[in-house]
Amino acid sequence: MEEFSDLENLWKHSETQVPTNKTDFLKIKNNRNKMKNTYIKGAIMLFITGTIILVTMTYLDAPLKTTAVISAMIALSAICFLQAVLMLFTAGKISAIDEIQTPATHLKQWQNFRIFQLKQRRWNMPVYFLLLAVSLGVYFLEILKNVDLWKMILAFVVTYAWMLFAYFYLGRKSLKKEDARINCIIAELKSLENQFH
């Protein structure tokens, strides 16, 4: 009987806690899949957009097929294709994160992805929107050179207003959602890792 009391005492004062299984693995998996799918869908849309631009270019009337217009349209489609490749590369990095690793390794993989993502953000979106703005500017200047000035100005205002809205509102909203998903994954994994210490 004394041995049982000793064992019970030892167990109560043990520093090693049994994990309480509070980690929401489903939430981690869902957030991971949502992020990956967002990148893949974005890449598909950009491939389609780039292809439509190239197809449209081939059907332009001969007078519109100037060097400036063709160059701008090729540049626009190339920008779409490059951005799509980058998005697929990012989706591949998410796929490479191995969920069956130990919590510490799994957590480290997500932290490394977070560092990659923050570095990518610093240059990717500004460069992407800048190249789009320049290519569209060349395209509109050439294609609208014979219309009234106010119509040209209207086309520029509407186009660049939409781009600014997409960059400063939609883009930031999307980044906030992505940040929330990654922060949730990292928090869940940290919680799991802490249960083993």
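**Starting from a serine**

Ser77 is buried, with a relative accessible area of 2%. Before I go on, please keep in mind that this is a predicted model. Ser77 has its place in helix H3. What does its side chain reach? The side chain of Ser77 reaches the backbone oxygen of Ile74, at 3.0 Å. And which residues does Ser77 contact, once we leave aside its neighbours within four places in sequence? Those are Gly50, Ile53 and Leu54.

**The overall picture**

Let's step back from that serine. The protein has 5 helices and 0 strands, and reading along the sequence you get the pattern α-α-α-α-α. Of its 197 residues, 33% are buried. Now take the contacts with a separation of 6 or more: 78% of them are between residues 24 or more positions apart.

**The core**

Next, the nonpolar core. The largest one has 39 residues, and the members that touch the most others are Met73, Trp110 and Phe113. Which helices supply at least two residues each to this core? They are H2, covering 25-58, H3, covering 67-96, H4, covering 103-143, and H5, covering 149-194. As general background, nonpolar side chains in soluble globular proteins tend to be buried together.

Let me pick out Phe113. Not counting residues up to four places away in sequence, Phe113 touches Met35, Thr90, Lys93, Ile94, Ile97 and Ile182.

Now for the open space. The largest pocket holds about 1300 Å³. The elements giving two or more residues to its lining are H2, H3, H4 and H5. Which element gives the largest share of that lining? Helix H5 does, with 15 residues.

In total, 40 residues line the largest pocket, and those nearest its centre are Met87, Met125, Phe129, Gly171 and Ser174. By type, the lining divides into 21 nonpolar, 11 polar and 8 charged residues.

If you have the model open, please find Asn31, in helix H2. Is Asn31 buried or exposed? Asn31 counts as buried, because its relative accessibility is 10% and the cut-off for buried is under 20%. Leaving out residues up to four places away in sequence, Asn31 touches Arg181, Cys184 and Ile185.

Ile185 comes up again with Asp24. You'll find Asp24 in the loop between helix H1, which spans 2-12, and H2. Asp24 is partly exposed, at 32% relative accessible area. Asp24 and Ile185 are 161 residues apart in sequence, while their C-alpha atoms are 9.1 Å apart in space.

My last stop is Lys190, in helix H5. With a relative accessible area of 40%, Lys190 is partly exposed. How far apart are Lys190 and His106 in sequence and in space? The two are 84 residues apart in sequence and 9.8 Å apart in space, C-alpha to C-alpha. Setting aside neighbours within four places in sequence, Lys190 is in contact with Leu107 and Gln111.

That's my tour, and I'm happy to go back to any of these residues with you.

Key. Residues numbered from 1 in each chain as written. Predicted model: local features only at pLDDT ≥ 70, side-chain atom pairs only at ≥ 80, totals over all residues. Heavy atoms only, no water. Core = buried A, V, L, I, M, F, W, Y, C linked by side-chain atoms within 4.5 Å. Buried < 20%, exposed > 50% of the residue type's maximum accessible area, 1.4 Å probe, protein only. Helix = DSSP H or I, 4+ residues; strand = E, 2+ residues; numbered from the N terminus. Contact = heavy atoms within 4.5 Å. 1 Å grid on protein atoms, 1.4 Å probe; cavity = no way out; pocket = protein on both sides within 12 Å on 5 of 7 lines; lining within 4 Å. Points joined across faces, edges and corners; volume = space filled by probe spheres on them. Nonpolar A, V, L, I, M, F, W, Y, C, P; charged D, E, K, R; others polar. Polar contact = N/O pair within 3.5 Å; in protein donor to acceptor, adjacent residues only side chain to side chain.
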